[in-house]
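Take a walk through this model, one contact at a time. Keep the sequence and the structure side by side.

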Amino acid sequence: MRCKAIIVATFLLTLLSLPLWGQGMRGPMMNGESTGMPAGQKLPGLEFVGIEQHLNAEVPADLAFRDELGNPVKLGDYFGKGRPVILNLGYYQCPMLCGEGLTGSLKVLTFELGKDFDVVTVSFDPHETPDMAATKKRDIMRRYGRKGAEQGWHFLTGPAESINALTKAVGFQFQWDEKTQQYAHATTIVVLTPDRRIAQYFYGVEFPPKDLRLGLVEASQNKIGSVTDQMLLYCYHYDPRTGKYGAIISRLLSIAGAATILILGTCVFIMYRADSSAQHKAMRRAT
């Protein structure tokens with residue numbers, strides 16, 4: 001009876017473990033989508049705002065910037081260390097939530113900033129200064145609240161030619177709005193591999209820690225993370241349309257099927273041993 005109950009429970013769990021498919025998946029709003037506007041047309045003032053994905057493209061290493069201390073640096077200085085890099089584009093005088101959502105998401109991760117991965121925040125406003133970058137860094141570090149994190153999170157400013165080359169390389173589009181005296185820009189981060197290739201885009205003001213963790217593990221070519229992360233990456237894959245990780249139904253079915261066969265096989269073996277033992281005892285009593 002116990003094995004029968006296990007078999008029934010296993011069957012039910014197998015059904016419940018399957019994700020609900022058939023629900024539409026949508027990516028970030030682009031080209032007027034979800035605004036009631038025709039495809040390819042954007043809202044007034046946002047004609048040049050959006051993200052054009054360049055997955056697997058290489059960002060230039062020789063772009064000149066200055067760090068928050070005013071030191072001249074090259075973008076390539078933050079790569080080649082065997083760990084992935086999160087590129088965060090914004091501007092330091094942004095009145096919105098530039099950088100704050102990323103800070104909250106990173107606080108949840110157990111990865112060590114500066115050891116497992118780096119973050120490079122770049123202002124796309126060529127008029128901003130290293131002093132502004134330093135002020136922003138102090139605020140972010142206070143919010144992040146982890147000792148030593150300042151070694152792994154870098155805040156850059158630079159000339160228009162470097163900014164334009166970087167934003168073009170990653171497909172980041174923005175524009176100045178004279179009416180509001182602010183920049184209109186997308187809210188996204190770009191995860192880069194240690195060799196400066198674009199691995200993933202994540203959209204929104206805040207970023208799901210699970211997706212961000214898997215993105216860093218995958219971009220590192222599995223050099224960081226745990227066995228659990230490897231198992232999750234076997235069952236989930238990055239979907240560029242949504243900027244999220246989704247389940248691979250065929251692999252989930254394979255795992256569920258293998259687990260079912262294993263449990264059923266175990267129950268059959270236990271029942272066979274129990275029957276053999278009962279028959280042996282009956283034969284002993286008969287003799």
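Predicted model: local features only at pLDDT ≥ 70, side-chain atom pairs only at ≥ 80, totals over all residues.

Start with a charged pair. Asp118 and Arg83 form a salt bridge, with their closest N and O atoms 2.5 Å apart. Asp118 belongs to strand β5 (residues 118-123), while Arg83 sits in the loop between β3 (72-74) and β4 (85-90), so the bridge ties together parts that are 35 residues apart in sequence. Asp118 is buried, and Arg83 is buried too.

The chain has an average pLDDT of 78, and 68% of the residues reach at least 70. Two stretches call for caution. Over residues 4-40, pLDDT stays under 50, and the model has 42 contacts for them beyond four places in sequence. Residues 249-256 also stay under 50, with 13 such contacts.

Back to the charges. How many salt bridges does the structure hold? There are eight. One of them pairs Arg197 with Glu58, where the closest N and O atoms are 3.4 Å apart. This pair links distant parts of the chain, 139 residues apart. Arg197 is in the loop between β9 (188-192) and β10 (198-203), and Glu58 is in the loop between β1 (50-51) and β2 (64-66).

Another bridge joins Asp211 to Lys210, with the closest N and O atoms 3.8 Å apart.

Now turn to helix α3. The helix runs over residues 130-144, which makes 15 residues. Which residues of α3 are buried? They are Pro130, Ala133, Ala134, Lys136, Lys137, Ile140, Met141 and Tyr144. Seen down the axis of α3, these residues fall within an arc of 165°, so they line one face of the helix. An α-helix has 3.6 residues a turn, so residues three or four places apart point the same way.

What covers that buried side of α3? The cover includes β2, α2 (100-108) and β6 (153-156). The face turned away from the buried side carries the exposed residues Asp131, Arg138 and Arg142. Just after α3 comes Gly145, with a positive phi of about 70°.

Finish in helix α5 (residues 209-219), at Arg213. Is Arg213 buried or exposed? Its relative accessibility is 19%, and the cut-off for buried is under 20%, so Arg213 counts as buried. Which residues does Arg213 touch, neighbours within four places in sequence aside? Arg213 is in contact with Leu109, Thr110 and Phe111, and also with Gly225, Ser226 and Asp229.

Key:
Residues numbered from 1 in each chain as written. Heavy atoms only, no water. Salt bridge = Lys/Arg side-chain N within 4 Å of Asp/Glu carboxyl O. Helix = DSSP H or I, 4+ residues; strand = E, 2+ residues; numbered from the N terminus. Buried < 20%, exposed > 50% of the residue type's maximum accessible area, 1.4 Å probe, protein only. Expected span 1.5 Å × (residues − 1). Arc of directions from axis to C-beta. Contact = heavy atoms within 4.5 Å. pLDDT = per-residue confidence, 0-100.
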